[in-house]
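Here are my notes, in the order I would go through them with you. Have the coordinates open as you read.

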Amino acid sequence: MSESTDKLTAKSQLNIIHSKGGLDHCYPTFILASTAAAMDKEVQLFFTFEGIKALLKDTQTLKVSPMTNANMVIKSPVGPKWFKKIDLNQKIPRIFWVLPGMTKLATWGFKATMRQHGQLDLAELRDVCMDLGVKFTVCQMTMEMMGYQPNDFIEGVEFAGAASYFAMTPPTQSLFV
Amino acid sequence: MLIKIVGFILNGIEEVKLLDLPCPMPIIRIKKYLVECPGVRKFNVSVNDQGALKDIPAFCQQQKLHCCLLEDGEVIRFQISR
C-alpha cells in the first residue's frame, strides 16, 4: 500500500507555463514552483514570450507597470499608516499612470513592499528554485524572435520548443499565467 | 524562552527559528533542515507567518512526518518528528 502511494508522490508533477513579463507576475510562478519542489514534486517551468525575461541574468529589465494591469493593487510603501492603506489605483485617475517615470515609481514601490514583507529578491528566489531542482525551459523560438542570446540567461536553463515541454510533462496540463 | 531552555536541557530538541519569513520560505527551510540533518528525529520550529499554521501541518502530512502544535499566537511553534 505504502509502495503505491510512494510511487504516486514520486510521479507527482507541477508544470507552469509562464508567459507574462512583469516583475509582479514572476513571484507567483517561482513561489509555487519552490514550494512544490520542497514537497518532492517534479517541477517543470516553461517560459515563453515576455515570460522569458524572468530568466535573464539582469533582473532589472523586469518592471511593474500599472498600465498593463488595471486591477493592480497599488499601495504606498512609505508614509503614514492611513496613507499606506489606500489603494492608489482606485483613487488616482488612470491617466496618471501614463506619465513618464510612473513605471519606475511602481517598480520601486513594489520592490520596497516585498522587502518590507520579508520576501526574497527575485534573483534569490530563482536561485532557491534552482537549488531545489526546478527545471527551467526557455522557448527557443521566442528567444530568437526577441533577439536574445543563450548567454543572456542564467546558467542551467534549457532551450527547447513547446513539443519538448509537452513531451516532458504529463498528458494532463494545468495552465497558469 | 524558559520553556525552550528547559525543553532543550531535558530532551535536547533543537529549535529551528523561522521568524519573519513569509511563504514559501518556512516550508523550504524545513525541507532543507530535514535534508541537511538526516540524524535529527525530532525538532521544533517557530514561525510568525500566519499562513504557516495550515501550511506546515499540510506539508508534514504530505511528507509523512508527525506534526504537533505547541503554541499558537503571534509566534506559532510546532514539534516535527519523523
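Two residues are in contact when they have heavy atoms within 4.5 Å of each other. Helices (H or I, at least four residues) and strands (E, at least two) are DSSP runs, numbered from the N terminus.

1. Ground rules. This is a predicted model, so local features need pLDDT of at least 70 and side-chain atom pairs count only at pLDDT 80 or more, while totals for chains, interfaces and linings use all residues. Residues are numbered from 1 along each chain as its sequence is written, chains are lettered from A and ligands numbered from 1 in the order in which they are written, and side-chain values use heavy atoms, with hydrogens and water left out.

2. Confidence in chain A. The pLDDT (the predictor's confidence in each residue, from 0 to 100) averages 89 in chain A, and 93% of the residues score at least 70. Residues 1-9 of chain A are another matter: the pLDDT there is below 50, and beyond near neighbours in sequence the stretch has two contacts in the model. Where pLDDT is low, the predicted coordinates should not be read in detail.

3. Chain A overall. Chain A has eight helices and four strands, in the order α-β-α-β-α-α-α-α-β-α-β-α from the N terminus. The C-alpha trace of chain A spans about 55 × 45 × 25 Å along its principal axes. Of its 177 residues, 41% count as buried (buried is under 20% relative accessible area, exposed over 50%, partly exposed in between, with a 1.4 Å probe and protein chains only). Among the contacts in chain A with a separation of 6 or more, 71% are between residues 24 or more positions apart.

4. Chain B overall. Here we have three helices and four strands, running α-β-α-β-α-β-β from the N terminus. Buried residues make up 39% of the 82 residues in chain B. Residues 24 or more positions apart account for 61% of the chain B contacts with a separation of 6 or more.

5. Helix H5 of chain A. H5(A) has 15 residues and reaches 21 Å from its first C-alpha to its last, close to the 21 Å expected at 1.5 Å a residue (the expected span is 1.5 Å times one less than the number of residues). Which residues of H5(A) are buried? They are A:Met102, A:Ala106, A:Thr107, A:Gly109, A:Phe110, A:Ala112 and A:Met114. An α-helix has 3.6 residues a turn, so residues three or four places apart point the same way. H2 of chain A is among the elements that cover the buried residues of H5(A). Just after H5(A), A:Gly118 takes a positive phi of about 85°.

6. A:Met102. This residue of H5(A) is buried, with a relative accessible area of 11%. Not counting residues up to four places away in sequence, A:Met102 touches A:Phe96 and A:Trp97.

7. The largest pocket. Its volume is about 370 Å³, and 20 residues line it, with A:Ile74, A:Lys75, A:Ala106, A:Gly109 and A:Phe110 nearest its centre. H5 of chain A gives the largest share of the lining, seven residues. For the method: on a 1 Å grid over the protein atoms alone, a pocket is an open set of points where a 1.4 Å probe fits, with protein on both sides within 12 Å along at least five of seven lines, and lining residues have an atom within 4 Å of a point. Grid points are joined across faces, edges and corners, and the volume is the space filled by probe spheres set on the points.

8. Where the chains meet. A:Ser34, in helix H2 of chain A, counts as buried at 0% relative accessibility. Leaving aside neighbours within four places in sequence, A:Ser34 is in contact with A:Leu125, A:Val128, A:Cys129, A:Leu132, B:Pro24 and B:Ile28. B:Pro24 sits in the loop between E1 and H2 of chain B, and the peptide bond from B:Cys23 to B:Pro24 is cis, with omega near 5°. B:Ile28 is one of the buried residues of H2(B), whose cover includes helices H2 and H6 of chain A.

9. Backbone to check. A:Phe49 has a phi near 45°, positive in a residue other than glycine, and is partly exposed, with a relative accessible area of 37%. B:Lys64, in the loop between H3 and strand E3 of chain B, also has a positive phi, about 60°, although it is not a glycine.
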